[in-house]
Amino acid sequence: MNTSQILSREALDFVSALAREFKARRRQILQARTNRQAALDQGELPNFLPETAEIRNSSWSIVPPPSDLLDRRVEITGPASNRKMVINALNSRANVYMSDSEDSESPTWENILGGQLNLYDAVRRTISLDSPKKKYRLNERTAVLMYRPRGWHLLERHFLVDGEPIPAALFDFGLYFFHNVRELLAQGTGPYFYLPKLESHQEARLWHDVFAFAEDRLNIPRSSIRATVLIETILAAFEMEEILWELQEYSAGLNCGRWDYIFSFIKKFRSLPGFVLPDRAQVTMDKGFLSAYVIKLIQVCHARGAHAIGGMSAYIPVKNDPEANDEAFAQVRADKEREVQAGHDGTWVAHPGLVSIAKEIFDSKMPEAQQLHVKPSRNIGAQDLLQIPEGEITEEGVRTNIRVGIQYLEAWLSGRGAVPINNLMEDTATAEICRAQLWQWINHGAKTSSGRTITADWIEDLVRSDSYLLGKYQVAGRLFLDLVVQPHFAEFLTLPAYEAVIGKESKKDERSLEGN
């Protein structure tokens, strides 16, 4: 398989049909997001929807999971474009591998097409890689493959339909589904997806209709697709049952996407002075709105027969530093013990070296394939989901946000979306927290624990003092600083950053494709 075959006329006709059918509805949901943000800016806080009370109060369950998704105790994630990572993840002894074109991917054209090629080969078990040190091949037994396309807010500017860039979500989903659905079904598995950054049940309904349209167009049996929704926005937390309901026969559970969830909390309440968060390191899963959201997600999932999957600790193994490595493993262990004791049916890890730790913990505390019988009794109300954790803002927290944000953005602009920084695995979501916190602190005149007011001038001085506007960091440093100090809050840093990527690619004469 090569790039021209991935971009075959038949495949491009299929994704073009998806775009024509759903691009208007995509625009509607993006406009609905804008309208909702305007209401939040005026102080209208979210609550459970009265018009969907019947869904929450009635008895129903999602469809039972297929046999290969019954046990999801350990799931590993990583970018689809990195061939070695794909092979290692599939061989990691995790139950599931979520191959990613979203937060851990830099969406260069080369990466997006490379990811599709890697997944095509992975599905057919022909994926391999020879390096000077090692030959990489798939083991006989591999993790179940799931795929995360990009979110609704992003476009793919290299493929035009009727003269307009295609929604990236439809491009990613469409190519993967078109090329792999029949092979997956023939193997006794299926096209399984993770859906990112949904903000409402209407957005889940849109995905439901995309799935149904795709299955019907290719004459695939209904309910072949299964999708797990990442609850990684604060608004989606108030509509979890409705989201499961809307996906109906496609539902495969919910996941606590913790890092994007923190970012969403800052972003949605950015105009409200009562919602200023402390340092990122102090916003932990056992406190405030995060603790409440975990309990609510498990309650909702288990009441509806759905898996409740935990999130990902940012800690990774540390080479050549036994003390730091022991600390990282201890942090991961504590995180996974908290999740299994809370009632999660599985968890995420970011590195193959952490699979055995997560599996050991879930095996000891969850002997069955899942623990749907665990139903936390605490009543979670709207105020619980909005509770601010206690903590302080430190000068080190300010500096860390600057360092991590700019170093990550530089890597992202260079084509790398999953980046180890200071022994933590950083991705787009964690970089979003860095710049969102700085913007929030500046715009609300927040003070550090030493009493210093955080201002745009101070942030710029810190950026300059660390030479982040020079050398290889010059473009990333300027872009990051602009995002932090500008009066208007950019919805996603990937939107202006993608324009920079496109600008670099245009110098290489990357031409756009046009659908029929």
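Helix α9 (residues 240-247) passes α11 in a right-handed crossing, where right-handed means that the near helix is turned clockwise from the far one by less than a right angle, and left-handed that it is turned anticlockwise. The axes of the two helices come within 9 Å and cross at roughly 35°; such axes are lines fitted to C-alpha atoms, for helices over the stretch in contact, and angles run from 0 to 180 degrees between N-to-C directions. Helices here are DSSP runs (H or I, at least four residues), as are strands (E, at least two), and both are numbered from the N terminus. What you are looking at is a predicted model, in which local features need pLDDT of at least 70 and side-chain atom pairs count only at pLDDT 80 or more, while totals for chains, interfaces and linings use all residues. Residues are numbered from 1 along each chain as its sequence is written, and side-chain values use heavy atoms, leaving out hydrogens and water.

Which residues make the contact between α9 and α11? From α9 come M240, E241 and L244, and from α11 come Y293, K296, L297 and V300; contact means heavy atoms within 4.5 Å. Sorted by class, these residues give five nonpolar, no polar and two charged. In this sorting, Ala, Val, Leu, Ile, Met, Phe, Trp, Tyr, Cys and Pro count as nonpolar, Asp, Glu, Lys and Arg as charged, and the others, Gly among them, as polar.

Let us stay with α9 for a moment. E246 has its place in this helix, and with 8% relative accessibility E246 counts as buried (buried means under 20% relative accessible area, exposed over 50%, partly exposed in between, with a 1.4 Å probe and protein chains only). Leaving aside residues up to four places away in sequence, E246 touches H201, A204, R205 and H208. Follow the chain into the loop between α9 and β10 (251-256), and you find Q248. Phi of Q248 is near 45°, a positive value in a residue other than glycine, and Q248 is partly exposed, with a relative accessible area of 38%.

Now turn to α11 itself, which covers residues 288-303. Is this helix mostly covered or uncovered? It is mostly covered, with 15 of its 16 residues buried. The expected span of a helix is 1.5 Å times one less than its number of residues, so the 16 residues of α11 should span 22 Å, and the 23 Å between its end C-alpha atoms agrees with that. After α11 comes G305, whose phi is positive, near 70°.

α11 has another partner in α10 (residues 258-268): the two pack at an angle of about 125°, with their axes 11 Å apart. α10 and α11 are therefore oblique to each other; angles under 35 degrees count as roughly parallel, over 145 as roughly antiparallel, 65 to 115 as roughly perpendicular and the rest as oblique. Their crossing is right-handed. Here R258, Y261, I262 and F265 in α10 meet F289, L290 and Y293 in α11, a contact with six nonpolar, no polar and one charged residues.

M312 counts as buried, at 10% relative accessibility. Beyond residues up to four places away in sequence, M312 touches T77, R258, W259, K336, W348, V349 and A350. M312 and M425 are 113 residues apart in sequence, yet 9.8 Å apart in space, C-alpha to C-alpha. G311 is placed in strand β11 too, and at 2% relative accessibility G311 is buried. With residues up to four places away again not counted, G311 touches C256, R258, K336, E339, T347 and W348. The C-alpha atoms of G311 and G346, 35 residues apart along the chain, are separated by 8.8 Å.

Another helix pair to look for is α2 (residues 9-41) with α7 (residues 201-217), whose axes come within 11 Å and cross at roughly 175°. α2 and α7 are therefore roughly antiparallel to each other. Among the residues in this contact are F14, L18 and F22 of α2 and L206, V210 and F213 of α7. The contact as a whole divides into nine nonpolar, no polar and eight charged residues.

Finally, visit the loop between α4 (83-90) and β2 (96-100), where R93 has its place. R93 has a positive phi of about 75° although it is not a glycine, and at 60% relative accessibility R93 counts as exposed.
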